[in-house]
Amino acid sequence: MDQVTAIERACFNNPWSRSLFVEEMCLPMSMDLVALTLGQVAGFCCVWVVGARAKVQNLAVHPAFQRRGLGRYLLLQALSQARDQGAVRAALEVRTGNLAALSLYYTLGFCLEGRRPGYYYPEGEDALVLGRDL
Ligand SMILES: CC(C)(COP(=O)(O)OP(=O)(O)OC[C@H]1O[C@@H](n2cnc3c(N)ncnc32)[C@H](O)[C@@H]1OP(=O)(O)O)[C@@H](O)C(=O)NCCC(=O)NCCS
């Protein structure tokens, strides 16, 4: 958990707290994956699976391990496991300015479904809602 929260702080301006991660992991619909490199957490992905729907709640790769395929691997693993649990559609929100994440999602077949104006606190940046079939 220390390694996960360190990655979260390195990757986001408004990071999830340790207690939020613990709460997340205790939720029955939550599926949480980590990628290990030499025994260290290099990235993680949190997904909710509720009935036929999967929702990507969080995804991050430590800056030292970015651009090596881990983000793609984590997300594909999470989507595959969500499909195994009965989900047929996945969705997520992403900042309009997060070009790395947008590029990852578009290359994995996510399509634009909508926009949530001012979604991200405190900056007020819009969220794009993306979705794809599983
Ligand atoms: C988004 C993130 C998870 C991607 O993880 P990653 O391990 O670096 O990504 P990958 O190496 O698997 O890259 C997969 C594809 O994503 C895209 N991509 C990843 N980083 C990119 C960057 N900096 N610029 C442009 N495209 C990028 C590319 O299409 C890449 O494919 P390619 O390497 O064949 O060109 C990572 O940048 C990250 O943790 N960012 C901070 C947290 C974050 O924004 N999370 C998403 C919140 S919605």
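What follows goes from the ligand's contacts out to the pocket lining.

This is a predicted model, so local features need pLDDT of at least 70 and side-chain atom pairs count only at pLDDT 80 or more, while totals for chains, interfaces and linings use all residues. Residues are numbered from 1 along each chain as its sequence is written, and side-chain values use heavy atoms, with hydrogens and water left out.

Start at the ligand. Its shell holds 21 residues, and L59, R67, G69, G71 and N98 come nearest (a residue is near if one of its heavy atoms lies within 4 Å). A backbone N or O atom of L59 sits 2.7 Å from a ligand nitrogen. On the oxygen side, a polar backbone atom of R67 is 2.7 Å from a ligand oxygen atom, and a backbone N or O atom of G69 is also 2.7 Å from an oxygen atom of the ligand. Taken alone, the ligand exposes 910 Å², and the protein buries 76% of that (Shrake-Rupley, 1.4 Å probe).

Which element gives the most to this shell? That's α4, with six residues. By class, the shell has 11 nonpolar, six polar and four charged residues.

Now zoom out: the ligand's space is the largest pocket, with about 1400 Å³ in it. A pocket here is an open set of points on a 1 Å grid over the protein atoms alone, where a 1.4 Å probe fits, with protein on both sides within 12 Å along at least five of seven lines; lining residues have an atom within 4 Å of a point. β3 gives the most to that lining, with seven residues.

Definitions and conventions
Polar contact = N/O pair within 3.5 Å; in protein donor to acceptor, adjacent residues only side chain to side chain. Sits in = over half its atoms within 2 Å of the grid points. Helix = DSSP H or I, 4+ residues; strand = E, 2+ residues; numbered from the N terminus. Nonpolar A, V, L, I, M, F, W, Y, C, P; charged D, E, K, R; others polar. Points joined across faces, edges and corners; volume = space filled by probe spheres on them.
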